[in-house]
Amino acid sequence: MRSTKTFTTHILIAIITLALLLVIPFLFRSQEMREFYISEGGPVQIFSAAGYVVVIVLLMREMTWAELSDNWPLVVVPLAMCLREMDFHAHFTTYSITKTTLYVSPDVPIIEKLFGIVVFVLLGITAVVLVKKHLRLFLEGLRRASPVAIAVALGAFCAVFSKVLDGFSSNLQVIGVYVQPTYLSVVAEEVLELGIPVFFAIAAFAAFPARGSLRQL
């Protein structure tokens, strides 16, 4: 069994690595390389999607069928985020399922609208079950400075802050303030999105210090 100190070190290494990834594109002299770094299908996005796959595979490998049945939201969340990272939310409908236009436009087939609604209902159920089953354990884990809980908290922080950066400009436009996203803000958003599966993977590895031994948050 690995020690708590080992996974705490992994968390620190992850934070340092993400900080370096934030700096790296500014060392490129080529504008093409800078754009490729944060592009759709670029290295940051690819590693982000791959990170979620690692989390899903690890959970399915280490948990028994009974544990998976009881803790299915732990698999659904990274799966949904992986699909979101690969833009699946916009591949099967006229507009992205996250856009209001999909549901109010008369030109969109009803089946597409129902598809978007079903997805959000399933995600809502997943969120409710996840909070109900794991919030108390998560808070207790934070109080005990559990590396599992800390890693999950850092992943959640990356998710929230990256979303804030993503919608910052559009949100300001609502109140009449127009601000163009800077290259730094875009890089920070992409790197933070990569941080989500990185910290979730650390949490998953920390939760299974020995094969077949699920440790609570």
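**Entry 1: helix α9**

I began with helix α9, residues 183-207, and checked its length: at 1.5 Å a residue, its 25 residues should span 36 Å, and I find the end C-alpha atoms 36 Å apart, so the two agree. A note to myself before going on: this is a predicted model. I then looked at how much of α9 is covered, and the answer is most of the helix, with 19 of its 25 residues buried.

**Entry 2: the whole chain**

Next I stepped back to the overall layout. I counted nine helices and zero strands. Reading along the sequence, I wrote the pattern down as α-α-α-α-α-α-α-α-α. Of the 217 residues in the chain, 35% are buried. I also looked up contacts between residues at least 6 apart in sequence, and 63% of these join residues at least 24 apart.

**Entry 3: α3 against α5**

How do the axes of α3 and α5 cross? I took helix α3 (residues 43-62) and helix α5 (residues 73-85), and their axes come within 9 Å and cross at roughly 160 degrees. The cut-off for roughly antiparallel is over 145 degrees, so α3 counts as roughly antiparallel to α5. I noted the crossing of the two as left-handed.

Then I listed who meets whom. From α3 the contact takes in Gln 45, Ser 48, Ala 49, Tyr 52, Val 53, Val 55, Ile 56 and Leu 59. From α5 I have Leu 74, Val 75, Pro 78, Leu 79, Met 81, Cys 82 and Glu 85. Sorted by type, the residues of this contact come out as twelve nonpolar, two polar and one charged.

I picked Ser 48, which lies in helix α3. Is Ser 48 buried or exposed? Its relative accessible area is 1%, so I put Ser 48 down as buried. Leaving out residues up to four places away in sequence, I found Ser 48 touching Glu 85, Glu 193, Leu 194 and Pro 197. Glu 85 is one of the α5 residues in the contact with α3, while α9 covers residues 183-207.

My other pick was Ile 56, also placed in helix α3. Ile 56 has 12% relative accessibility, and the limit for buried is under 20%, so Ile 56 counts as buried. Beyond its neighbours within four places in sequence, Ile 56 is in contact with Val 75, Pro 78 and Leu 79. I also looked up Ile 56 and Phe 200: they are 144 residues apart in sequence, and their C-alpha atoms are 9.9 Å apart in space.

**Entry 4: α5 and its surroundings**

I gave α5 the length check too. Its 13 residues reach 18 Å from the first C-alpha to the last, close to the 18 Å expected at 1.5 Å a residue. Which residues of α5 are buried? I have Pro 73, Val 75, Pro 78, Cys 82 and Glu 85 on that list. The cover over the buried residues of α5 includes α3, α4 (65-70), α7 (110-143) and α9.

Lastly I looked at both ends of α5. Asn 71 has a relative accessibility of 10%, so Asn 71 counts as buried. Setting aside neighbours within four places in sequence, I see Asn 71 in contact with Met 63, Lys 133 and His 134. Just after α5, I noted that Asp 87 takes a positive phi of about 65 degrees.

Terms used
Residues numbered from 1 in each chain as written. Predicted model: local features only at pLDDT ≥ 70, side-chain atom pairs only at ≥ 80, totals over all residues. Heavy atoms only, no water. Axes fitted to C-alpha atoms, helices over the stretch in contact; angles between N-to-C directions. Helix = DSSP H or I, 4+ residues; strand = E, 2+ residues; numbered from the N terminus. Parallel < 35°, antiparallel > 145°, perpendicular 65-115°, else oblique. Left-handed = near helix turned anticlockwise from the far one by under 90°. Contact = heavy atoms within 4.5 Å. Nonpolar A, V, L, I, M, F, W, Y, C, P; charged D, E, K, R; others polar. Expected span 1.5 Å × (residues − 1). Buried < 20%, exposed > 50% of the residue type's maximum accessible area, 1.4 Å probe, protein only.
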